[in-house]
Amino acid sequence: MPTLSSTSLANRDHAVLWHPYTQMQTAPLPIPIVRGEGSWLIAEDGTRYLDGISSWWVNLHGHAHPHIAERVSEQLQTLEHVLFAGFTHPTAVELAEQLLALLPENQARVFYSDNGSTAVEVALKMVLQYFHNLGQPERRTFLCFRDSYHGDTFGAMAVSSRGAFTQPFWPLLFEVEFIDVPVPGREAEVLAQLHTALTRPNVAGFIFEPLVLGTAGMVMYSPAVLTEMIRSCHQHGVLCISDEVMTGFGRTGPLFASSLLTEQPDIMCFSKGLTGGTLAMGLTTCAAPIYEAFLSDDKMRALFHGHSYTANPVACAAALASLELTRAERCTQQRQAIEDAHAAFRREIEMLPGIRQVRHRGTILAVEYDPGEGTSYFSRLRDAFYQLAIDSHVVLRPLGNVVYLLPPYCTTAEELTLLYGVLRQMRELVLDFLPAPTLPEYLHD
């Protein structure tokens, strides 16, 4: 057996680890990353990879950011953890105070957890027990967008699209009612679907990814139609959950996608960029009436949910440091520069052959390529896109025939140019996939 020192990190990994969303028998060895600097990831062999997707949408300000590292180090030397049942600590209180001051005015309470799926689980349980505590346990149906994604725990899977990733678990998922996404041109049709669903007396909640459905391929829709949908739900006493796990902390332009709405959700879910990509953390916020429905002399009306790492002080410190950076004028300028560059690149390519559609909001850009045939997440085109990016020393994670950019806010104009260059190469790859045009018979000679 080779010694550890003579075996590559990738081989050592392959001997002991099981990776997410990966067929371990056929997948190539993982790329071993040993360091991060700004928008770059540095591999064991010294190769530098430009992170075009913020390492699964979590990194806001660049890898190994010194300000966040300093705050985390200070917190580790002060208090690393304390149980959050019956106890509290300064960073948990301060983070909740700062977030509530920035969120829509109706948000009144913060419930901490440790990832995005769990933040959604908490939200679902809040809704169901809210109606149970009010003596309406029959209200237990959720409305969800078709093609949505809210996480991989069971409740989160239940309110997500039924697809290949959840198929083994379908018999165990509770029933929900799906409605279409109100993409441009289909708003009236989808509003009619919603109005029909709301006539049923057992509807409890409507959960949505605000303005951008991430894993669906960065599918986008307008704030105006979402506002109307939330308003309709409220008219029927239905609670609305905004899943801002991906869109929160500046991704769509303002700090939160919900800031673009005039009718606000009752519950909001956060994770990913919450700590700037430093530590795992999630949280769920809610309006005062929801919290108050759990207040009682009867202990059985309490929300029975918790985690060992709820409100971890180190994660809270990282979130406070990241939030400070996000609110700074420099970060606002960085986000605007990325948004402007995305808009210019969109104008350049959206009408070219091989491009089906280009979608853009804030620092999110998605190119839907047109290979002339149906595609899926498992298509050869997707794998070819991924390999092209890696060969170009760029980290992207294509969603079938959709390739998106969601870079850290510190990404420079030169780095964006490199990313756009890879997307141009992908269009050339698509043109190679397209079948040759059929010539009329009289031109064959």
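Two ground rules. The model is predicted, with local features needing pLDDT of at least 70 and side-chain atom pairs counting only at pLDDT 80 or more, while totals for chains, interfaces and linings use all residues. Residues are numbered from 1 along each chain as its sequence is written, and side-chain values use heavy atoms, leaving out hydrogens and water.

Start inside. A nonpolar core is a set of buried Ala, Val, Leu, Ile, Met, Phe, Trp, Tyr and Cys residues joined through side-chain atoms within 4.5 Å. Buried means under 20% relative accessible area, exposed over 50%, partly exposed in between (1.4 Å probe, protein chains only).

The largest core has 67 residues. Among those touching the most other members are F145, Y369 and L396. Helix α13 (residues 413–433) gives the largest share, seven residues. Helices (H or I, at least four residues) and strands (E, at least two) are DSSP runs, numbered from the N terminus.

Where does this core lie? Domain 1 (9–64 + 330–443) and domain 2 (67–327) both contribute residues, so it lies between them. Those bounds come from an automatic or database domain assignment.

A second, separate core has 25 residues, including V120 and F142.

Now the record. An unreviewed UniProt entry lists W56, Y149, K272, G306 and R397 under "binding site". Such annotations may be inferred rather than shown by experiment. These residues reach up to 32.5 Å apart between C-alpha atoms.

G306 sits in the loop between α9 (288–292) and α10 (313–327). G306 is partly exposed, at 48%. R397 is in the loop between β15 (394–395) and β16 (402–405).
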